[in-house]
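Dear colleague,

I am passing on the structure below, together with some notes on what was found in it. Please read the notes with the model open beside them.

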Amino acid sequence: MFSRINKRFLHHSITCHSDFSHIVIGGGIVGISTASELQNVKGNNVLLVEKNHKLGEETTSRNSEVIHAGLYYPPNSLKAKLCIKGKNKIYDAWNKGKFQIDLQKCGKWIVAQDEIEEEYLNNLQKNADELEVPVEFISTKRAKSIHPLIKANKAILESPTTGIISAHDYVLFHEGRFENNGGTLGLSSKVKDISYNKGNLNYSVMIESDGEIMEMTTDNIINSAGLYAAEIANMILPKEKQYDYYFAKGNYFSFTPEIPLGKITNKLIYPCPNPNAASLGTHLTFDLGGQLRFGPDLEWLNVTRADDIDYTPNPQNLKSAYEAVKKYFPAITQNSLHPSYSGIRPKILSPEENKKQFADFIIKEEENLPGFINLLGIESPGLTASWAIADYVKDLYYK
Ligand SMILES: Cc1cc2nc3c(=O)[nH]c(=O)nc-3n(C[C@H](O)[C@H](O)[C@H](O)COP(=O)(O)OP(=O)(O)OC[C@H]3O[C@@H](n4cnc5c(N)ncnc54)[C@H](O)[C@@H]3O)c2cc1C
């Protein structure tokens with residue numbers, strides 16, 4: 001409820017008369033971890049605004065919940081840097097017993113079925129070596145003796161630092177830190193408009209809550225509104241600098257095996273992605289409760305506003321998911337797969353552009369808008385990277 005927002009005026013803001021030092025827009029995993037890190041800085045007075053009545057209800061709860069190792073991305077990219085750092089922060093905190101979050105460092109196998117895919121794995125190993133992410137080839141014969149139901153004709157690259165985590169618990173962990181440090185949470189509160197007050201060097205944010213519009217002022221804004229981030233950015237950017245945006249759905253399919261999961265695999269199983277694909281391919285994952293699922297696939301949506309997204313998993317994609325899964329798990333039958341749920345990737349590049357260039361995270365302070373930081377295209381591995389993204393944003397302000 002918006003009533004949870006208590007305006008406090010005694011903070012060290014640049015202008016000394018803004019309501020908050022920072023307003024973070026969007027309470028997914030990226031927004032809450034960023035708000036928490038910023039609230040940790042002495043003198044800051046952070047408001048997190050979330051339109052839903054709970055945190056983490058959108059993409060943060062519609063993904064594979066995989067702690068990615070960070071081996072796929074180009075070495076100088078933000079995705080590589082922040083994924084690896086985010087992963088290490090999660091495991092460090094876990095090893096030190098700092099958080100009671102359920103996670104499992106289960107590892108994953110990436111399986112190659114032919115020479116072309118084997119070559120892909122060789123290149124992936126080189127990339128992982130450059131990034132100092134541990135990987136090793138394991139023999140297909142050994143793999144067959146461990147998990148006979150998993151098919152890998154040519155090669156298997158194992159990533160031992162891949163894991164799974166409860167996204168829900170991870171959100172609660174950062175939410176607890178934020179509130180314990182005196183951060184202000186505005187739930188059921190939707191940002192409707194933003195303007196820059198040049199004279200005061202601060203921003204006015206129009207927020208709708210309980211049918212009322214309120215104006216809050218802040219020295220800094222962090223736009224981490226996920227699927228809505230480009231819409232929010234475009235509220236304040238001049239026309240020529242506005243972002244184009246696209247949405248790509250990832251459909252998941254559930255499968256309840258007749259044998260225990262451990263008899264199928266205790267590793268996540270990933271195929272080799274198609275060259276220039278905008279996703280990692282329909283893989284086998286399981287959650288901490290041992291529920292197995294396949295996905296996500298990749299389906300570009302023909303909608304121009306996030307509000308128009310239909311999350312119903314597309315049953316028409318079941319056949320192609322089945323074809324993809326059968327290559328590495330031949331025991332699957334089409335009838336045993338069921339559309340389960342979907343998640344949506346916020347894309348800044350069009351389908352055509354995505355084929356030609358690597359789509360990195362965009363995290364930047366906008367020109368002529370001091371203290372306004374946009375986070376765009378925060379797709380996978382955003383869950384893994386979130387804590388490192390928070391540090392990165394903090395460094396943009398304070399380093
Ligand atoms: C299919 C799929 C699979 C994925 N798998 C993985 C994985 O296994 N591992 C991994 O590391 N990453 C994965 N990801 C990526 C990860 O889920 C995202 O990067 C991450 O959840 C993004 O978090 P976020 O906080 O940026 O966005 P969100 O969770 O979407 O949060 C944004 C928030 O902003 C709020 N908001 C929007 N507009 C407004 C407004 N006007 N006012 C107030 N609030 C607003 C929304 O309500 C929402 O809660 C996957 C993503 C997808 C789509």
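In this predicted model, the domain assignment divides the chain into domain 1 (2-60 + 168-243 + 358-398) and domain 2 (108-160 + 246-347). The contact between them takes ten residues from domain 1 and eight residues from domain 2. On the side of domain 1 that touches domain 2, the residues divide into five nonpolar, three polar and two charged. As for the placement of the two parts, the C-alpha centres of domain 1 and domain 2 lie 33 Å apart.

The ligand is the next point to look at. The shell around the ligand draws at least three residues from each of domain 1 and domain 2, and of the 40 residues around the ligand, those that come nearest are Gly26, Gly28, Gly226, Gly250 and Gly382. Two or more residues of this shell are given by each of the elements α1 (29-39), β10 (189-197), β18 (338-347) and α10 (382-398).

Between β4 and strand β8 (residues 163-165), the antiparallel pairing runs over two bridges, and glutamine 104 stands opposite isoleucine 164 in β8.

Is isoleucine 23 buried or exposed? Isoleucine 23 counts as buried because 27 other C-beta atoms lie within 10 Å, where the cut-off for a buried residue is 20 or more. Leaving aside residues up to four places away in sequence, isoleucine 23 touches Leu47, Val49, Val205, Met216, Thr218 and Ile221. Isoleucine 23 and alanine 35, which are twelve residues apart in sequence, are 8.2 Å apart in space, C-alpha to C-alpha.

Key: Residues numbered from 1 in each chain as written. Predicted model: local features only at pLDDT ≥ 70, side-chain atom pairs only at ≥ 80, totals over all residues. Near = placed C-beta within 6 Å. Helix = DSSP H or I, 4+ residues; strand = E, 2+ residues; numbered from the N terminus. Domains from an automatic or database assignment. Pairing = 2+ DSSP bridges. Contact = placed C-beta atoms within 7 Å. Nonpolar A, V, L, I, M, F, W, Y, C, P; charged D, E, K, R; others polar. Buried ≥ 20, exposed ≤ 12 C-beta atoms within 10 Å, placed from the backbone.
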